[in-house]
Amino acid sequence: MTGNYVLTDARLATMASSDTPYGLIEDGAVAVSDGRIVWAGPREKLSADNFPWEQRSLGGRLVTPGLIDCHTHIVFGGNRAMEFEMRLNGASYEEVARAGGGIVSTVSATRTASLEDLVQGALPRLEALIAEGAAVVEVKSGYGLDLDTELNMLRAARRLGNLRPVTVKTTFLGAHATPGEYKGRDDDYIDQVCIPALRAAHAEGLVDAVDGFCENIAFSPAQIERVFKAAQELGLPVKLHAEQLSHQGGTALAADYGALSVDHVEYATEDDAKAMAASGSVAVILPGAFYTIRETQAPPIDHFREHGVPMALATDCNPGSSPLTSLLLTMNMGCTLFRMTPEEALAGVTRNAARALGLADRGQIAAGMRADLAVWDVETPAELAYRIGFNPLYTRIHEGTQ
C-alpha cells in the first residue's frame, strides 16, 4: 500500500493519552497520506468528504504503532557462545569480563570484519526484528574501540537502513570498554581514541546520539562526563548504560545532562528515579540481559511508576549478554520478570521507546505521526505480551508502505 488510503474495520491501540487502556478504539479507522497519519479515530466519525480515498478493510484486526527497539548492538563480528557456556559452568558476567572475555572478546572479530561482513552479519538480526513488526531500530557502535572500526560499524548501521524498510537510528558507543592496547590507561583511551572517533563520526554524519557504559568494569562517571561534554559541544543528545551490575552514579550524571534515556538501571535508587523524572529521561528496561547473565537485582519498577519515569523495553541484542532478537519475547520478559503490565510493555516498545530515541513523530497512532503500523491477528493487546515464541503479526506498514 502506498499513496493516500484509509484503513477501516480496525481495532486501534493508539497508545495515545486516553482514559481508555492502550488508548483503544474498538471500531477505528486511520487515514494515511504520503507516509503520515492524517486522521485516526472512531470509524463513525470518519468523513468521506474529507478523505475520499480507497478504503481498505483490516477485518477487525488489532493495529498498534510499529514497534521500536530503542537499544541494540546488532552490528558486530563473531559470536560469544563459548561465554554462554562459561556462565553456565558458574562464571559471573564480571568474572568473564575480567578474564578477557565480555565486550573486548568481540572487538578482534569486529576489527577484522569488512564493512560488507558487518552488514551481512547484522541483516538476519534486523530481519528478525522487522518480522515482528519493528519499524525503528537503534544500532550502537562500541565493538571497534578504534577510530576506523567505530566508523565502520556506524557506516554498516546506516547501510542497514537503506537495505530494508526500517528506520535505523545510530548511537556512538566508543566508551563501551577499554581495548587491550590501552589496558590500564582508561583516561588515555577516552582522550586519544574515543572522543576523536566521536568527532570524526559526527563529521561524517554517522551519529544520532552518544552513549557510554558507566560501570565498575567499564568507565567512571568522571570519564563518561568527558564524553558527554564532547557530545554536548557537537549538539548531540546523550544516553547511558548505567547501574547494571553495581551503583556507580551514572544515572545521576545522565540526568544532569538531560539524557534521552538511562538503560539497564537494575541498581538504580529512588533518588535516581526522582532525578530521571526531573530530567525527562526514559528508563530503558533490558530483561534479555537480566535473564542471560542470571541477574537477581531487578530494576526499581515501582519507583519509576511512583515518580512518573517513562519506561521503555528493548532487546539489547548483542553477542554476549543478550543474544535476543524478539521484541515480543522482550515484552513477555518485562511482564514476567519485572511485573510490568501488558499495557506498560506495549508502551515500552512504542510510545516510550520513541521518546528514548528523541522521536516525537513515532510510537502513537495519531494525526501527524509517521504511518508506522503493525497489524496483528489477536483479540486483545495483552496477547502481544502474553504469548511466548509466537508471532501473530498479520502485516506491517512502514512510512505508509506495506
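Okay everyone, which helix gives the most to the lining of the largest pocket? Keep that in mind while we look at the model, which is a predicted one.

Let's start with the pocket itself. The largest pocket holds about 510 Å³ of space. Its lining is made up of 22 residues. If you want to find the middle on your screen, look for Ala 97, Arg 98, Val 104, Thr 178 and Ile 217, which lie nearest the centre.

Now, the helices. Helix 2, residues 93–98, and helix 3, residues 103–112, each put at least two residues into that lining. And here's the reply to my opening: helix 2 gives the most, with three residues.

Okay, on to charges. Side chains of opposite charge can pair when their charged atoms come close. In this model, the count of salt bridges comes to 27. I'll walk you through a few of them.

Take Arg 43 and Asp 9, whose side chains meet in a salt bridge at 2.5 Å, N to O. Those two come from distant parts of the chain, 34 residues apart: Asp 9 sits in strand 1, residues 5–13, while Arg 43 is in the loop between strand 3 (36–42) and strand 4 (54–57). Arg 43 has a relative accessibility of 31%, so it counts as partly exposed. Asp 9 is partly exposed too, at 22%.

Next up, Arg 155 and Glu 204, which form a salt bridge at 2.7 Å, N to O. Arg 155 belongs to helix 5 (residues 147–163), and Glu 204 to the loop between helix 6 (186–203) and strand 9 (209–214), so this pair ties together parts that are 49 residues apart in sequence. Arg 155 is partly exposed, with a relative accessible area of 28%. Glu 204 is partly exposed as well, at 40%.

My last pair is Asp 361 with Arg 362, where the closest N and O atoms are 3.3 Å apart. Here both residues are buried.

Key:
Residues numbered from 1 in each chain as written. Predicted model: local features only at pLDDT ≥ 70, side-chain atom pairs only at ≥ 80, totals over all residues. Heavy atoms only, no water. 1 Å grid on protein atoms, 1.4 Å probe; cavity = no way out; pocket = protein on both sides within 12 Å on 5 of 7 lines; lining within 4 Å. Points joined across faces, edges and corners; volume = space filled by probe spheres on them. Helix = DSSP H or I, 4+ residues; strand = E, 2+ residues; numbered from the N terminus. Salt bridge = Lys/Arg side-chain N within 4 Å of Asp/Glu carboxyl O. Buried < 20%, exposed > 50% of the residue type's maximum accessible area, 1.4 Å probe, protein only.
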